[in-house]
Amino acid sequence: GSHFGFETLSCFQLTFIGVTQCNEGFKHIDMDETDRKAFNLIIPLELVEDSPPELWVYEERPDIDDDDQAAVGIQYELDVAVAIGD
């Protein structure tokens, strides 16, 4: 936690997710208003060759319609974790 300026770092939950087929995801928020003190850490264990981006991250701006918000597609990589916070 020292890298992020925290005195401690705790893990409250560890979850495994397996996906065999997904044609379309859905936009959602896992957490918000934590004062940047909570995040999801995604560590891919297996990759699908030549797949489209597995994760889309959207900029949340109340002054812009959902359809017009900027999005970034993330392609998972082995030995590379993705950290997403509020």
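Biologist: How far apart are the mean positions of the positive and negative charges of the protein chain?

Modeller: Keep in mind that this is a predicted model. In the protein chain, the mean position of the 4 positive charges and that of the 20 negative charges are 11 Å apart.

Biologist: Okay, let's back up to the fold. How many helices and strands does the protein chain have?

Modeller: There are 0 helices and 4 strands. Reading from the N terminus, you get β-β-β-β. As for overall dimensions, the C-alpha trace spans about 40 × 35 × 20 Å along its principal axes.

Biologist: And what share of the residues counts as buried?

Modeller: Buried means under 20% relative accessible area. Here 7% of the 86 residues fall in that class. The chain exposes about 8200 Å², and carbon and sulfur atoms supply 51% of that area.

Biologist: Which residues make the nonpolar surface patch?

Modeller: Phe4, Leu9, Leu14, Phe16, Phe39, Leu41, Ile43 and Leu45 make it, and the patch covers about 930 Å². Take Leu45 as one of its members. You'll find Leu45 in the loop between β1 (39–42) and β2 (55–58).

Biologist: Is Leu45 buried or exposed?

Modeller: The cut-off for exposed is over 50% relative accessible area. Leu45 counts as exposed because its relative accessibility is 64%.

Biologist: Now for contacts. What share of those with a separation of 6 or more comes from residues 24 or more positions apart?

Modeller: That share is 58% in the protein chain. Val80 makes a handy case to look at. Val80 sits in the loop between β3 (71–74) and β4 (82–85).

Biologist: Which residues does Val80 touch, leaving out those up to four places away in sequence?

Modeller: Val80 touches Ile42 and Pro44. Val80 and Ile42 are 38 residues apart in sequence, yet their C-alpha atoms are 8.8 Å apart in space.

Biologist: Why does Val80 count as partly exposed?

Modeller: Partly exposed is the class between buried and exposed. Val80 goes there because its relative accessibility is 37%.

Notes
Residues numbered from 1 in each chain as written. Predicted model: local features only at pLDDT ≥ 70, side-chain atom pairs only at ≥ 80, totals over all residues. Heavy atoms only, no water. Patch = residues over 30% accessible without salt bridge, like charges linked within 9 Å, V, L, I, M, F, W, Y side chains within 5 Å. Areas by Shrake-Rupley, 256 points an atom, 1.4 Å probe, with all protein chains shown as cover. Salt bridge = Lys/Arg side-chain N within 4 Å of Asp/Glu carboxyl O. Helix = DSSP H or I, 4+ residues; strand = E, 2+ residues; numbered from the N terminus. Buried < 20%, exposed > 50% of the residue type's maximum accessible area, 1.4 Å probe, protein only. Contact = heavy atoms within 4.5 Å. Lys, Arg positive; Asp, Glu negative; His and termini not counted. Charge placed at Lys NZ, Arg CZ, Asp CG, Glu CD.
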